[in-house]
Structure formats: structure tokens, C-alpha cells
Amino acid sequence: MSHLQQILKYALAESSVQILSAVKVVEEQINEPAIESLAEQGKLLERVIKLTQASNPLFSSYMQLESLKAVANNYLTGSALERLFDCCAGRLVESKIVGIIMAGNIPAVGFHDLLCCLVCGVKALVKLSSKDKYLIPYICGEIEKYWPQIREQVEFLPSASDTDTKAGRLYNECDALIFSGSDESLWEIKRELRTIGKEGIPLLARGSRFSFGVLDGGEDKLQLTSLAEDMFLYCGLGCRSISTLFVPDGYDLSKIVENSSFMRSRLEHIPPYINSYRRLKALAAMQGNLTDGASAGKEESYTDGEFFLLKTIGSEIEKIEDNFPPLGVVNVRYYSNENEIIEFERANSSKIQKKYSKFGKAQQPQIDEWMDGVNTIEFILSDKS
């Protein structure tokens with residue numbers, strides 16, 4: 001590791017301490033003269049959280065704080081950063097410009113890509129999602145206190161409605177492009193690149209994916225409450241959220257309902273989420289498809305979790321789009337042997353982010369747990385990009 005990288009590593013680790021301190025202030029509402037500087041940090045973070053929630057009602061303050069804690073604890077600790085710098089193996093490419101088009105489905109979800117650019121020494125041109133345009137600049141502001149160079153290394157582009165369109169700056173100036181978002185948005189990005197003659201630019205593209213969990217029926221209360229976190233922490237959004245469950249034949253779905261109830265208070269005050277759930281529940285009731293967990297079978301039906309629905313998928317339904325349920329719904333597939341799960345994985349391999357059989361860490365990815373299995377550092381450093 002070069003001397004400059006050592007300084008950056010220190011700066012990133014120190015910013016983690018500051019972020020966690022501000023999170024603690026907001027969570028505990030600390031406001032004492034003896035810790036006035038901490039109180040100011042908390043006020044700044046509170047403003048950021050309120051701005052974010054105003055622009056995206058799905059991002060509750062709880063979810064934003066959990067996301068910031070995950071960034072600080074999983075990405076910005078000394079041991080985590082050591083692993084990321086090891087991926088560089090001393091290689092730096094200061095002359096390269098990498099464009100990043102960030103998703104907005106989970107708070108600060110695009111920060112990992114930006115962090116990889118910092119570590120590699122490249123300049124990042126960042127197009128923030130309109131649904132999440134305050135949290136990542138906040139994190140960068142904390143880093144800037146210890147690493148002023150970030151002002152030269154990271155540039156946040158104005159929205160497409162401003163004079164500099166994202167196509168005008170992002171596509172024309174970057175040497176490589178990282179995109180995260182839906183398949184529909186990815187199609188539009190590729191169309192725009194073709195239009196301006198940049199279709200040959202190296203592109204790390206992450207489209208729509210989902211994750212699923214497999215229960216063996218022997219899970220205890222702790223495992224099932226951890227499963228609830230994996231399903232609902234971010235309203236079920238994001239490719240790491242468990243949106244489909246495999247359960248053994250005869251499994252009583254009321255176990256999942258009972259052990260997920262603690263999440264209700266975190267979701268029932270989020271209008272887009274709870275309105276979606278209520279609408280879908282009403283439709284299921286009108287169609288006579290509501291059932292209790294104990295009597296749910298292999299035919300399509302809905303089990304009401306009082307703030308979510310478990311949709312039993314009939315065995316004849318195998319379309320890929322069925323694995324992307326609407327807000328407030330988790331799919332359930334009964335299985336009688338492992339071959340059914342293996343076949344499901346085979347049929348959906350291009351869309352599966354991850355399979356979980358142990359729960360509680362789906363929303364706590366480690367720094368080198370690469371999205372879609374593609375090493376972001378290697379992409380940035382590649383001669384082809």
C-alpha cells in the first residue's frame with residue numbers, strides 16, 4: 001500500500017467514527033453542552049434524513065440510519081478497507097474517469113462503487129438517483145474532513161433537467177461506466193450510448209435481480225426474526241432482500257407471520273408501502289384467495305401477515321417476472337426435494353443475486369461481497385475500461 005493510500009485509509013476510517021457518532025446522536029437525541037460538537041453533527045444528519053425522506057417516502061429515518069451504520073461498520077473499518085486495498089495490489093489509475101449511475105432503491109446503495117473509485121485513484125462522475133441524493137454527499141462530506149482531495153476526485157453531476165444533461169457530461173467524459181438500476185433503465189442507458197456513438201465504452205451493468213431463502217423447517221425464533229430483517233428492512237426493495245422463500249411441504253406459514261410481527265411498527269407508517277399492502281390484500285380478499293398460514297397449500301393463495309402478504313406460488317408458475325413481487329408481498333414456494341430448488345436456480349440463474357439458508361446478513365454485505373459477483377475494483381483497473 002502506497003503512502004497516499006495509507007492516508008486515504010486513515011481518512012476513511014476516521015469518517016466512519018464521525019458517521020457512527022452522528023447516528024448515535026440522532027438515535028438517542030443527545031443534546032448536552034459537554035458534547036456540543038456531537039450535537040451539531042446530529043443536527044446535520046437530521047437535516048439530511050428529513051430531506052431524504054421528503055424526496056423519497058420509502059426511506060424512513062430508521063432505514064437511513066441502518067444503512068449508514070452498515071456503510072460505517074462494513075465498508076469503512078480498518079480491516080474492511082485493508083481487504084479492499086489488497087484488491088488493488090498497489091495499482092492506481094489516476095488518469096481515468098469513471099461514470100457512476102446510482103440506483104435509488106436502498107439508502108446510500110451506490111456508495112460502494114464510489115468507494116472503489118476512491119481506492120483506485122480514479123475520478124468519479126456521479127449521477128445520483130433523484131430518490132437518494134443527500135445521503136452519499138453527506139458521507140463524502142464526512143470523508144472530506146480528513147481527505148480534502150475528495151473534492152477533486154468526486155463530482156456530483158446535476159440532474160438531467162439542468163443545463164448539463166447526464167448524457168452531455170457523464171457519457172462523453174467518462175472512460176468507463178458503472179450502472180445500477182432496473183432492466184428498463186439499463187435498456188434506456190444502452191440506447192442513449194448508441195445514439196451518441198459510445199456503445200463501445202466499458203460498462204459494468206447491474207440490472208434487475210432478486211434473492212431467495214430456503215427454510216428446512218427447523219429454524220428457531222432467532223433465525224426467523226433474522227429472516228424478517230432480510231425480507232423487510234428496506235421494504236423488501238433491493239436485489240439482496242429476500243423476495244422468495246422455499247419452504248418444505250406442509251410448512252406452517254404462521255411461524256413466519258408470528259416472528260415477523262416486530263417489523264410492523266417500522267413499516268406501517270410508510271405510506272407507499274402500507275398502501276400497496278392494503279390494496280393487494282383487498283384484491284386477494286375479493287378474489288377469495290386469502291387463507292391462514294396453517295392451511296396454505298401448493299395452489300396460489302395469500303397468507304396475511306397484517307403488514308405483508310405471503311403469496312403461495314402455484315407449481316405451474318415459472319415465469320421470471322414472478323420472482324419480482326410487488327411492494328408488500330413475499331413469494332412462497334413449497335418443495336419436497338432439493339432438486340426442485342436446483343431446477344429453480346438453473347431456470348433463473350441470470351436473475352438471482354444470492355441464495356440464503358442462514359439469515360440476518362442479507363442487508364449487511366461485506367466490502368468484498370461483489371454485486372452480481374463482479375469485482376468492481378478489477379473492472380475499474382482493467383486496461384479495457
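Because the model is predicted, local features are taken at pLDDT of at least 70 and side-chain atom pairs at pLDDT 80 or more, while totals for chains, interfaces and linings use all residues. Residues are numbered from 1 along each chain as its sequence is written, and side-chain values use heavy atoms, with hydrogens and water left out.

Helix packing comes first. Two packed helices are described by the angle between their axes and the distance between the axes. Here axes are lines fitted to C-alpha atoms, for helices over the stretch in contact, and angles run from 0 to 180 degrees between N-to-C directions. Helices (DSSP runs of H or I, at least four residues) and strands (runs of E, at least two) are numbered from the N terminus.

Take helix α5 (residues 111–120) and helix α6 (residues 135–144): their axes sit 11 Å apart, at an angle of about 35°. The crossing of α5 with α6 is right-handed; that label applies if the near helix is turned clockwise from the far one by less than a right angle, and left-handed if anticlockwise. On the α5 side, Phe111, Leu114 and Leu118 make the contact, and α6 supplies Ile136, Ile139, Cys140 and Ile143. Contact here means heavy atoms within 4.5 Å. By class, these residues come out as 7 nonpolar, no polar and no charged. For that count, Ala, Val, Leu, Ile, Met, Phe, Trp, Tyr, Cys and Pro are nonpolar, Asp, Glu, Lys and Arg are charged, and the others, Gly among them, are polar.

Helix α6 itself is largely enclosed by the rest of the structure, because 7 of its 10 residues are buried. Buried means under 20% relative accessible area, exposed over 50%, and partly exposed in between, with a 1.4 Å probe and protein chains only. The buried residues of α6 are Leu135, Ile136, Tyr138, Ile139, Cys140, Glu142 and Ile143.

Helix α5 also packs against helix α4 (residues 78–88), with axes that come within 10 Å and cross at roughly 60°. That makes α4 oblique to α5, on a scale where angles under 35 degrees are roughly parallel, over 145 roughly antiparallel, 65 to 115 roughly perpendicular and the rest oblique. The crossing of α4 and α5 is right-handed. Leu81, Leu84, Phe85 and Cys88 of α4 meet Leu115, Cys116, Val119 and Cys120 of α5, which gives a contact of 8 nonpolar, no polar and no charged residues.

The pair formed by helix α1 (residues 3–28) and helix α3 (residues 61–74) has axes that come within 9 Å and cross at roughly 155°. These two helices are therefore roughly antiparallel to each other, and their crossing is left-handed. From α1, Ser16, Ile19, Leu20, Val23, Val26 and Glu27 meet Leu65, Glu66, Leu68, Lys69, Ala72 and Asn73 of α3.

Next, the cores. A nonpolar core is a set of buried Ala, Val, Leu, Ile, Met, Phe, Trp, Tyr and Cys residues joined through side-chain atoms within 4.5 Å. The largest one has 56 residues, and those with the most contacts inside it are Leu45, Phe111, Leu114, Leu115, Ile139, Ile377 and Ile380. Helix α5 gives the largest share of this core, with 8 residues. Another core, of 41 residues, lies apart from it and includes Phe59, Leu224, Val247 and Leu309.

A few single residues round out the picture. Glycine 121 falls in the loop between α5 and β2 (123–127) and is buried, at a relative accessible area of 17%. Beyond its neighbours within four places in sequence, glycine 121 is in contact with Leu92, Val93, Glu94 and Gln153. Glycine 121 is also 8.8 Å from glutamine 5, C-alpha to C-alpha, although the two are 116 residues apart in sequence.

Alanine 108, in the loop between β1 (97–101) and α5, has a positive phi of about 60° although it is not a glycine. Alanine 108 is buried, at 5% relative accessible area. Cysteine 235 likewise has a positive phi of about 60° without being a glycine. Cysteine 235 lies in the loop between α10 and β7 (242–248) and is buried at 3%. Within helix α10 (residues 221–232) sits threonine 225, which counts as buried at 18% relative accessibility. Leaving aside neighbours within four places in sequence, threonine 225 is in contact with Asn259 and Phe262.
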